[in-house]
Amino acid sequence: MKFAYKFSNLLGAVYRHGNLSFSRDGNSVISPVGNRISVFDLKNNKSETLPVSTNKNITCVGLSPDGNLAILVDEDGAAILVSLVTRAVLYHHYFHKPVNSVSFSPDGRKFVVTKENVALMYNAPGKNREFNAFALDKSYYGPYDETTCIDWTTDSKCFAVGSKDMTTWIFGAERWANLIYYSLGGHKDVIVGCFFEKDSLDLYTVSQDGALCVWESDTELDELRKGPKYSERKKMAEERKRREEEEAEEDEIEELGEDGERRGEVIKGSAGASEDVEGIKNVRYKQKSKHFFNKEGDFNNLTAAAFHKNTHILVTGFASGAFHLHELPDFDLIHSLSISDQRISAISINPTGDWIGFGCSGRGQLLVWEWQSESYVFKQQGHFNNMASLAYSPDGQYLATGGDDGKVKVWNTNSGLCFVTFTEHTSSVTNVTFTTSGFVVVSASLDGTVRAYDLHRYRNFRTLTSPRLAQFSSLAVDVSGELVCAGAQDSFEIFLWSMQTGRLLEVLSGHEGPVSCLCFSPVQSVLASVSWDKTVRLWDMQDSWQTREVLRLTSDGLVVTYRPDGQELAVATLDGEITFWNPQTAAQTGSIIGRHDLQMGRKETEKITAKQSAKGKAFTSLCYSADGESMLASGQSKFVCIYNIKEQILMKKFEISCNLSLDAMEEFLDRRKMTEFGSLALVDEGAGDGDGVELSLPGVRRGDRSSRHFKPEIRVSSLRFSPTGRSWAAASTEGLLIYSLDTSLIFDPYDLDMDITPVSIRCQLKKKEWTSAIVLAFRLNETSLIREVLEAVPHDQVAVVSSSLPDVYVEKLLDFVASSLENSRHLQFYLTWAQNLLTLHGQKLKNRSGAILPTVQQLLKSIQRHHDDLSKLCDWNIYTIRYIKALSKQRGMKRMAADSLSEQEEEEEERGSVLMGSEDEEEDMMSEALIVN
């Protein structure tokens, strides 16, 4: 069960395409990222990516008013209904055509979906107790072109739909006698947003050319009257006008649509207003005013808009990256700001109206702006090009990534957010790594520099260059952090620098091809380098940097890596083979042929099949597991393979993506795209509305800069196992994917017997046989039961129980304590267990240091995290106690300066004793504060 890794989180991408949504409490923003959605908790500063995905990129998200359900629709119109409480998929539905927008009614009983020129109103799932979650209620026809936006009145009686034909249509959600449909014009460009005023039928419409129309209704919402069904009303009008029989047949209601879906009631609007019935006057609109966002001569397209009904605030975003805040209906400008150099794709306002969310798909930016204080609440941006490499910090708490955009980003694995970005490189970053201290990040780039960054002061403190310009494609730092090596892909040389002085120490020559990878031994000062010249060279850093051994390979070398204990070397070659070597004897100890395991899909523009494609049959990234028993391998494919090194067999394959919007996802071409003239993907439709296809040049990964349409190719560029052994990360086209062990649902007993049951374990607890209860709990191996037994042991018995535990259970208990300490409130209790286990069994554990190293690193990571949190809390409590003490001495009297000085001196003398005496009180305060937080 050690390979039961599940998708945990997605880092490196915060927004791709689609609309943003805020949660019901307004503290979280929901952002579509490719074919997944991420939830960013702005209050607790954390991110979470839901373990659900669609087949293609998500284009629109509809959130229910209670915040429990979400409808995700992809590019093809395939929708899934997701529970945001259980994180599970409840229902699948196919709309057969691309969907432009989805919106729930404010009362949560209906939702409207717009596709092409029709608006479909469904009963919301769970309201009518129907088996079918998407029950179609009404179909509304009116616009002549594609619909763009939806907005509801506050009482859910009516909704408005904007269209590309420059009209806005208002439909009644129920059978209103005086409002069935109404069409509004007045614009000269595509409608971007339409918004109802609060508790009113008054409407605001915004178009792409920067025009705002204010529409006033002559009817209030309370004056809407119930009427007959639209079909009955239509028949009455037909009888009154005595139309011909052929026209009546044309206007009959269709029972089934083109897609076989039951239509429900069909309402067809026309350009003219609907006729009055039974003396009831229909709703009428008039244009009250018209305003323009652009100044004279300024042609800045308006791309997104949002309106908050309670505060009457209208937010508009433009193609230049600027946004405006206006107060309606007077159109008073509150302020304007430019937040990006790319177009703003999506805008959303939280329920309270304080925070505004912006999404920029061009840069992959997600911003949350507090307009009253004019400050950022949240600001994140992923790599807007391919992510080339990644590295874990020694304690597993941080992740560093380098991308083709020349940026180096450092992410917190607990929060999933980037906390620092370095932009000093001027070209693609090819490799990043941490030093053993964990506070220095080193990166290599194609711009000919190697840079070192300080994570304390967040600055580039060292820049290493070569005598002649070289493009660095590989990087390695030795165990001491003193030596930095980088391999050049054009001069076939390895450059060696000193981290302390920044001086170039040596240029290592010997390879006859580009150096593809470098790796230092974790236990001694030996550098391994692999090259396209079919050799691996081991360089002795202590003996004048001479070549120690040369290992001959059967094909071009791509990747080399050391086992964590330094006793084995793994090399991946171009023929899809992984070979294992003993670095001491230079003898090959094994090999794995993974040519058939790494399946690659066929690109849409390729002329040959995926089976015949040779470039997908090699591993480009290798990584040992934390215990050294397994090997992670990946390449230009959607699969990541885990091999057992000892048995040399494939243990498991992970499919990291099912997003068909990426290229090379399927092994065979889609026959629906094949015509008598060839594949539709090969057809260049010319410069049209931006949907054309440009054929990329051979060997180009990122696509042509002038291309009008480009499908990125799925690939895994880098793999790393966490030092704690409980997770691994993959840098892919979609972003940085984190896979973690899910131990909550795994039953993996150890030395199980018929007599070992939860009842027998609890009987041992009642007898106060602590050691026996712990051993039995670990043999049953249920996490909740182990925690119950462990926390039942009295504090003063921990040392006795630790000393009497069998050796095989000491490691299991230490591993459990390390994993529980990260999220438990009982800090002192679990720290006492860890201290006693390490003190009493330290020598035996040291003999097996290689096996328990991940456990110790997990323990160190948990302790460091709690230390950071508690140190801030303790400092704050000390300052609070000083402030309360000073207030108690004042007692409302004005003191002299001399008295205050003398009291400060007395306070400094007594500070030590006061803090020592109030230690227990501070611990109670800290624990209470932790519980509150």
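This is a predicted model: local features need pLDDT of at least 70, side-chain atom pairs count only at pLDDT 80 or more; totals for chains, interfaces and linings use all residues.
The largest nonpolar core comprises 36 residues. Within this core, the residues with the most contacts are Ile 761, Ile 774, Leu 790, Leu 813 and Trp 833. Two or more residues each are supplied by helix 3 (758–766), helix 4 (770–780), helix 5 (783–792), helix 6 (798–804), helix 7 (807–821), helix 8 (827–840) and helix 10 (849–890). When neighbours within four places in sequence are left aside, the contacts of Ile 774 are Val 789, Leu 790, Val 793, Val 801, Leu 805 and Trp 833.

Helix 3 packs against helix 5 at an angle of about 5°, and the two axes lie 11 Å apart. Because angles under 35 degrees count as roughly parallel, helix 3 is classed as roughly parallel to helix 5. On the side of helix 3, the contact is made by Pro 758, Ile 761, Arg 762 and Leu 765. Helix 5 contributes Leu 785, Glu 788, Val 789 and Ala 792. Classified by residue type, the contact of helix 3 with helix 5 contains six nonpolar residues, two charged residues and no polar residues.

Strand 25 (residues 322–327) is mostly covered, with five of its six residues buried. Strand 25 is paired with strand 24 (residues 313–318) in the antiparallel sense, through five bridges. In this pairing, Phe 323 of strand 25 stands opposite Gly 317. The hairpin of strand 24 and strand 25 has three residues between the strands, and Gly 321 takes a positive phi near 95° there. Strand 25 also pairs with strand 26 (residues 332–338), again antiparallel, over six bridges. Here Ala 322 is placed opposite Ser 338 of strand 26. Four residues lie between the strands in the hairpin of strand 25 and strand 26, where Phe 331 has a positive phi near 60°.

Leu 314 belongs to strand 24. Its relative accessible area is 0%, and Leu 314 is therefore buried, the cut-off being under 20%. With residues up to four places away in sequence not counted, Leu 314 touches Phe 195, Val 206, Leu 212, Phe 293, Ala 306, Phe 307, His 324, Leu 325, His 326 and Leu 328.

Strand 41 (residues 494–498) is largely enclosed by the rest of the structure, because five of its five residues are buried. Both faces of this strand are covered. Ile 494, Leu 496 and Ser 498 are buried on one side, and Phe 495 and Trp 497 are buried on the other. Strand 41 and strand 40 (residues 483–488) form an antiparallel pair with five bridges. Ala 486 is found opposite Phe 495 of strand 41. The hairpin formed by strand 40 and strand 41 has five residues between the strands, and Phe 492 adopts a positive phi near 60° in this hairpin. Strand 42 (residues 504–508) is joined to strand 41 by four bridges, and the two strands run antiparallel. Leu 504 in strand 42 stands opposite Trp 497. Between strand 41 and strand 42 the hairpin has five residues, and Gly 502 takes a positive phi near 80°.

An open sheet is formed by four strands in the order 1-59-58-57, with antiparallel pairing. Its edge strands are strand 1 (5–11) and strand 57 (716–721), each of which pairs on one side only. Neighbouring strands of the sheet are turned against each other by 20° on average, with direction ignored. Strand 57 is joined to strand 58 (residues 727–732) by five bridges, and these two strands run antiparallel. Ser 718 has Ala 731 of strand 58 as its bridge partner.

Key:
Residues are numbered from 1 along each chain as its sequence is written. Side-chain values use heavy atoms; hydrogens and water are left out. A nonpolar core is a set of buried Ala, Val, Leu, Ile, Met, Phe, Trp, Tyr and Cys residues joined through side-chain atoms within 4.5 Å. Buried means under 20% relative accessible area, exposed over 50%, partly exposed in between (1.4 Å probe, protein chains only). Contact means heavy atoms within 4.5 Å. Two strands pair if DSSP finds at least two bridges between them. Axes are lines fitted to C-alpha atoms, for helices over the stretch in contact, and angles run from 0 to 180 degrees between N-to-C directions. Angles under 35 degrees count as roughly parallel, over 145 as roughly antiparallel, 65 to 115 as roughly perpendicular and the rest as oblique. Ala, Val, Leu, Ile, Met, Phe, Trp, Tyr, Cys and Pro count as nonpolar, Asp, Glu, Lys and Arg as charged, and the others, Gly among them, as polar.
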